[in-house]
Amino acid sequence: MNLILKIIKIFPPEASHLIALYALKILHKFKLLGLLTTKPKHEKYAHCGLIFSNRLGTAAGLDKNGDFIDCLGALGFGFIEVGTITPLPQSGNPKPRVFRLFEENAVINRLGFNNKGVDHLVNNLKNKKYKGIVGVNIGANKSSDGQQRINDYVSCFVKVAKYCDYITINISSPNTPGLRNLHDHKNIINLISSIEDQAIKLNYLKPIFLKISPDEPIDVIISIAEHVQNSKLTGLIISNTTINKEALKNATYQDFDGGLSGSPLMEKSTLLLEAISQEYPELPLIGVGGVMNKADFNKKLDAGASLVQIYTGFIIHGPSIVRNILN
């Protein structure tokens, strides 16, 4: 598996990402995945009315369209989060838009919610064989603005509600212009209220998480946490990527557009996680950002996360990271 990873990394970032996922899919289809990877030990964990086989999951972005749910699930993750998905298919931002910084265990991306649209995802959810927990991360199309942007979230919510175990509302990608304005008081109230109305209409009782930015002032995040705690939403995912690249040692990338993930995000996202956990100890939190090993995983749990997600760690270290974290 290590040799395969070295070969794959020769290709450009987006190409290597897809090649790696399709390689996993083919190996899984022919029942060869178990020969190359060892499933980790499982310790079931009950949270928000769901039973997770363990506390480590994939973050949104790893499998945007739900094309690889079964093979990722076979690696031993406790849950899979697919997306971010939008109502209409969109190609995202111009390439190149993904930059791997292996020496810093980091990735910069400015993808821009490239995906095949919610209907494609729903079809994949209907046909998946993986029996574990699957969440869907929903967003808005780039062309949508104002109330239409809110309507995009509602549209996706309605379409995926029957076919997943939880839903994440992504208001924090830095790569869709104006999306982070949804952190503002008036906008977040409108969004939460609109989602609540649909949840009531659908009698939707499963968890709903809000994924937030690490770049907003702490008082803004605390206010959002209070709104979530007093709503039908369940909790927060802390956090998305950061536009602040001062933590990078390589100055070449400090002025790059896009969101930074990986090790340089670990401290920032974990401090925010800890602050919200201390302010609202009963609020369910999922920690993500910079998890590269078991020590990072444990730091997220110690900071108040009930569940932990990885993205860049998987890209940098490959499938073995699942076993290394959980065993």
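Me: Which residue stands opposite Gly-287 in E12?

Reply: Ile-238 stands opposite Gly-287. Before we go on, note that this is a predicted model, where local features need pLDDT of at least 70 and side-chain atom pairs count only at pLDDT 80 or more, while totals for chains, interfaces and linings use all residues. Residues are numbered from 1 along each chain as its sequence is written, and side-chain values use heavy atoms, with hydrogens and water left out.

Me: How many bridges join strand E10 to E12?

Reply: Strands of a sheet pair through backbone hydrogen bonds, either parallel or antiparallel. Two strands count as paired if DSSP finds at least two bridges between them. Strands (E, at least two residues) and helices (H or I, at least four) are DSSP runs numbered from the N terminus. Here, 3 bridges join E10 (residues 235-238) to E12, and the two run parallel. E12 also pairs with strand E13 (residues 307-310) in the parallel sense, over 3 bridges; there Val-288 has Gln-309 as its bridge partner.

Me: What do the 8 strands close into?

Reply: They close into a barrel with parallel pairing, in the order E3-E4-E7-E8-E9-E10-E12-E13.

Me: Are the residues of strand E12 buried or exposed?

Reply: Buried means under 20% relative accessible area, exposed means over 50%, and partly exposed lies in between (1.4 Å probe, protein chains only). In E12 (residues 285-288), Leu-285 and Gly-287 point one way and Ile-286 and Val-288 the other, and all are buried.

Me: How many salt bridges does the structure hold?

Reply: A salt bridge is a side-chain nitrogen of Lys or Arg within 4 Å of a carboxyl oxygen of Asp or Glu. The structure holds 5 salt bridges. One of them joins Glu-14 and Arg-97, with the closest N and O atoms 2.7 Å apart. Glu-14 lies in helix H2 and Arg-97 in the loop between E4 and strand E5 (98-101), so this pair ties together parts that are 83 residues apart in sequence. Glu-14 is partly exposed at 23% relative accessibility, whereas Arg-97 is buried at 6%.

Me: Which residue forms a salt bridge with Arg-180?

Reply: The side chain of Arg-180 meets that of Asp-215 (2.7 Å, N to O). Arg-180 sits in the loop between strand E8 (166-170) and helix H7 (185-202), and Asp-215 in the loop between E9 and H8, 35 residues apart. Salt bridges that share partners join Arg-180, Asp-215 and Lys-268 into one network.
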